[in-house]
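Dear colleague,

Please find below the structure that I am handing over to you. My findings follow directly after it.

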Amino acid sequence: MSGNKSRVLHLLRYLHTDSDKDHVVSTKEIIGLFAGTEEKCNRVTVSNDIATIRNEGYDVRTIVSSGNYYYLGNRELNPDEIKILIDAVSASHFIPTKQSGTLIEKLKGFDSKYRADDYTRHLYFAGATKTKNIGAFDLVDKLNDAINRRRKVTFQYYQYTPGKTRKLRDHGKTYENSPYCMVYTNDHYYLVGWSDEHDKVVQFRIDRIKNLRITGEKSRSTRGFHIDQYVNENFSMYSGDNINVTLECDNDMMDAIIDRFGEKVVTSPSPDGKYFTAEATVGNRPTFYAWVFQFGGKIKITGSEEAIESYSKMIKNARKKRRKKTNA
């Protein structure tokens, strides 16, 4: 019986790697697969083993002929799903280059070996940089474990110097944190948790954490903590005190407005049709004003007065810093 199980598993792996609708395998080829082994195989056992595999939910297709041909049809992932996941892995800043390559090869393994070239992608991800922290996956898993167990963690945290070298913050200080959750935004993972030292919820980029350790001390309760509210206040363009703004936009800026605010954003064409206005609610923070600035005047803030004043102040401060550097 044990030999039969081994034979079935061997046959399933063979169908998975060596067959698809364009590459079918014959009964004779399957029998030859077990030639010289202790696993007995003939036309009857092939038919029975195929039936066993089908009964376990695998989509083995049969092309009926004098000898019968077989191939594995539907799989756990279809080709489009594999390609999407490969693109996501390739684009992710959080996944180091070496691990990206390993994951992509594993994803290719969901299809037959004959289709490997179909998953060679020709996409360039502008601005994509990979983390150098090869233990980032382990950090996420370990933090998730700490959250589930409701245990505090300790770690060190590094930052980059002007010379682009990594340096432990605060002379290698060990931080203690009660982890509440992890947030994935802007292609980075963040630890969000309570700091007794600062008496508030704080956040850390997970790929900049070193020497993480789960302690035996119980975490501080999450009572009163609301993740949606925290994310809106600390991670998005809408964080901060919300204000209503009016934007005057060149007509070719509609794509940018919809990309940022969605199709439900309120817009109105100007009387002469030369521009349009958009009404939106945003956080009164530099993130929003930096977004406006990048369009070089093609999007202007015309209201409210608070928004105009904040935007002007940000630009003036930038000019002052520029003048100080020039005069230094």
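In this predicted model, Arg-75 and Asp-111 meet through their side chains in a salt bridge, with 3.7 Å from N to O. The pair joins distant parts of the chain, 36 residues apart: Arg-75 lies in the loop between β3 (69-72) and α4, and Asp-111 in the loop between α5 and α6. Arg-75 counts as buried because its relative accessibility is 15%, under the limit of 20%. Asp-111 is buried too, with a relative accessible area of 5%. Both residues belong to a network of salt bridges that also links Asp-20 and Arg-115.

The salt bridges come to 15 by count. Another one is formed by Asp-18 and Lys-113, whose closest N and O atoms are 2.8 Å apart. Here, too, distant parts of the chain are linked: Asp-18 is in helix α1 (residues 2-18), Lys-113 is in the loop between α5 (97-108) and α6 (136-149), and 95 residues separate them. Asp-18 is buried, at a relative accessible area of 15%.

A further salt bridge connects Lys-152 with Asp-196, again with 2.8 Å between the closest N and O atoms. Leaving aside residues up to four places away in sequence, Lys-152 touches several others, among them Glu-176, Arg-213 and Glu-217.

I turn next to a sheet. Four strands form an open sheet in the order β11-β12-β10-β13, with antiparallel pairing. β11 (266-269) and β13 (299-303) stand at the edges; each has a single partner strand, so one side of each is left without a neighbour in the sheet. On average, neighbouring strands of this sheet are turned by 30° against each other, direction ignored. β11 is joined to β12 (residues 275-283) by 4 bridges, and Pro-269 has Phe-276 in β12 as its bridge partner.

Two helices lie across strands of this sheet. Helix α8 (residues 254-261) lies across β10 (242-250), β11, β12 and β13, and runs at about 20° to β12. Helix α9 (residues 286-293) lies across β10, β12 and β13, and runs at about 130° to β13.

Yours sincerely

Conventions
Residues numbered from 1 in each chain as written. Predicted model: local features only at pLDDT ≥ 70, side-chain atom pairs only at ≥ 80, totals over all residues. Heavy atoms only, no water. Pairing = 2+ DSSP bridges. Axes fitted to C-alpha atoms, helices over the stretch in contact; angles between N-to-C directions. Contact = heavy atoms within 4.5 Å. Salt bridge = Lys/Arg side-chain N within 4 Å of Asp/Glu carboxyl O. Buried < 20%, exposed > 50% of the residue type's maximum accessible area, 1.4 Å probe, protein only.
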